[in-house]
Amino acid sequence: MAQIVLMPKEGITVESCLVGAWRKNVGDAVALNEPLFEYETDKAAFECVSTADGVLLHKFYEEGDEAPVLKPVAIVGEAGEDISALIATAGAASEPTAPASETAEEASLLPLSVPNPEPYQSAPPSTAKEELTASPRARSFAAERGVDLRNAVPTGPDGRILEADVVRAANAAYAGTAEAQETSAGMNAASAPTADYTDEAFTKIRAAIAKSMTASLHTGAQLTHHHSFDATNVLAMREDFKNSDEALGYRGVSVGDIILYVTSRALAGHPEINALVSDTGVRKYHTVNLGVAVDTPRGLMVPTVFGAEKKSLKGISAEVKALAAAAREGRINPDFLAGGTFTVSNLGATGVEVFTPIINPPQAAIAGICGATERVRRGRNGRPEIYPSIGISLTYDHRAIDGAPASRFAAELCKALEAFSWRTIALEFESATAHGGNQR
């Protein structure tokens with residue numbers, strides 16, 4: 001008996017997924033738990049497996065289509081089985097509603113711990129009902145380019161308009177204009193030069209990054225302060241860790257891990273920095289959900305270390321490595337890519353000496369970590385001395401934070417990093433033990 005395969009739901013904020021390459025064609029034999037097709041959210045990529053043995057009888061979506069989660073995407077059954085009634089029923093059930101798809105991407109930017117996220121949405125969800133059936137990507141493209149959906153010829157399942165249909169309608173409308181004819185004549189001229197280039201459409205995650213970063217710069221009043229600290233102790237501690245007894249568990253702790261650990265402690269005393277901003281106010285947090293920017297093959301991702309101020313240096317180090325690996329491999333749970341209250345972006349390994357990080361909305365601030373450089377200062381004996389310096393670029397939203405408190409936080413962070421030592425770890429461990437704590 002034929003069975004419907006549903007689009008999986010990856011994380012509580014995901015409402016739709018982009019269908020990738022199909023591993024099976026209609027008519028191909030398929031086994032239980034064998035991959036049928038690839039799909040991606042705006043955060044990660046996954047495989048959808050068959051929920052039955054048999055033959056792939058029908059596909060409701062093709063590569064590049066946007067499919068709502070927990071809705072039919074395929075039918076698997078016995079060869080030659082009549083599935084016409086099942087297609088009709090499942091096709092109607094798979095049709096997404098405009099409001100859910102239009103608000104999903106904005107919802108994914110909100111922290112999981114915010115019980116009432118409405119004040120932090122950039123726009124209210126649409127309630128307008130469309131007579132035509134169109135995918136969210138098609139609606140978005142039509143709205144951006146001013147294309148009337150009624151001019152698009154639908155090629156999707158059950159008369160659904162796809163983004164490609166809207167593109168063709170836009171091209172057809174443009175082809176008849178005087179500007180297009182003039183451009184075409186110029187392109188056909190014998191003297192016209194040829195260009196060597198490759199066009200690449202934005203992936204779902206790249207489009208999400210573009211939208212988020214553009215919105216961040218357009219809606220916030222961002223200002224960056226550049227500080228630096230003497231990294232002598234931090235670099236010495238890194239060497240101590242590498243040469244320490246393996247049983248202690250510190251060999252894998254990096255300079256970046258140390259900075260994250262110290263940052264989580266500094267933020268705990270500055271709720272105005274550890275905050276989210278809306279057009280109407282600020283939500284100050286008393287727990288640090290630390291976002292860590294990670295470079296992946298699919299683009300920038302920001303996993304979150306929840307409750308970082310309560311976790312040990314070894315705990316933060318291990319968790320960041322696990323989250324970064326999952327993000328790079330495309331298997332991270334989207335729930336761990338939301339909920340941050342402050343982000344750290346570390347470009348030190350690339351040799352960057354100073355940069356201006358962009359705030360991850362709706363957060364109030366972000367810290368950029370630069371590479372270690374050698375600087376000169378007057379020594380205690382009055383003679384010049386060289387010391388290692390690491391820069392910290394703090395970008396903050398001036399709507400919520402003034403320059404003085406932002407500078408005090410950065411100065412405190414630098415001072416704490418300069419003083420970091422084995423004693424720092426020992427004192428915190430003693431404090432946690434005395435209070436019955438159990439740092440992970």
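Is Cys17 buried or exposed, and what is its relative accessible area? In this predicted model, Cys17 is buried, at a relative accessible area of 0%.

**View 1. Cys17 and Cys48, two cysteines without a disulfide.** The closest cysteine sulfur to that of Cys17 belongs to Cys48 and lies 9.5 Å away, too far for a bond. Cys48 is in no disulfide, and the structure as a whole holds 0 disulfides. Cys48 is buried as well, with a relative accessible area of 2%.

**View 2. The open sheet of 6 strands.** The strand order is β9-β18-β17-β16-β12-β15, and the pairing is mixed. β9 (222–230) and β15 (304–305) stand at the edges; each has a single partner strand, so one side of each lacks a neighbour in the sheet. Within the sheet, β12 (residues 290–292) and β16 (residues 342–346) pair in the parallel sense, over 3 bridges. Gly291 stands opposite Thr343 of β16.

**View 3. Helix α9, residues 313–328.** At 1.5 Å a residue, the 16 residues of α9 should span 22 Å, and the 23 Å between the end C-alpha atoms agrees with this. Buried residues of α9 include Leu313, Ile316, Val320, Leu323 and Ala327. An α-helix has 3.6 residues a turn, so residues three or four places apart point the same way. Just after α9, Gly330 takes a positive phi of about 75°.

**View 4. Helix α10, residues 403–418, and its packing.** From first to last C-alpha, the 16 residues of α10 reach 22 Å, close to the 22 Å expected at 1.5 Å a residue. Among the buried residues of α10 are Pro405, Phe409, Leu413, Cys414 and Leu417. The buried residues of this helix pack against the strands β9, β16 and β18 (384–397) and against the helices α7 (232–242) and α8 (255–268).

**View 5. Aromatic pairs at Trp422.** The model has 9 aromatic pairs. The ring centres of Phe241 and Trp422 are 5.1 Å apart with planes at 90°, so this pair is edge-to-face. Phe241 lies in α7 and Trp422 in α11 (residues 422–434), so the pair ties together parts 181 residues apart in sequence. Phe241 is buried at 0% relative accessible area, whereas Trp422 is partly exposed at 32%. Tyr250 and Trp422 also form an edge-to-face pair, with ring centres 5.4 Å apart and planes at 80°. Tyr250 lies in the loop between α7 and α8, so this pair ties together parts 172 residues apart in sequence. Tyr250 counts as buried, at 11% relative accessibility.

**View 6. A ring cluster and a charge over a ring.** Ring pairs link Trp22, Phe37, Tyr39 and Phe46 into a cluster. The charged end of Arg377 sits over the ring of Tyr387, 4.0 Å from its centre.

Key. Residues numbered from 1 in each chain as written. Predicted model: local features only at pLDDT ≥ 70, side-chain atom pairs only at ≥ 80, totals over all residues. Heavy atoms only, no water. Helix = DSSP H or I, 4+ residues; strand = E, 2+ residues; numbered from the N terminus. Expected span 1.5 Å × (residues − 1). Buried < 20%, exposed > 50% of the residue type's maximum accessible area, 1.4 Å probe, protein only. Pairing = 2+ DSSP bridges. Contact = heavy atoms within 4.5 Å. Disulfide = S-S within 2.5 Å. Phe/Tyr/Trp six-rings, centres within 6.5 Å; stacked < 30°, edge-to-face > 60°. Lys NZ or Arg CZ within 6 Å of the ring centre and 35° of its normal.
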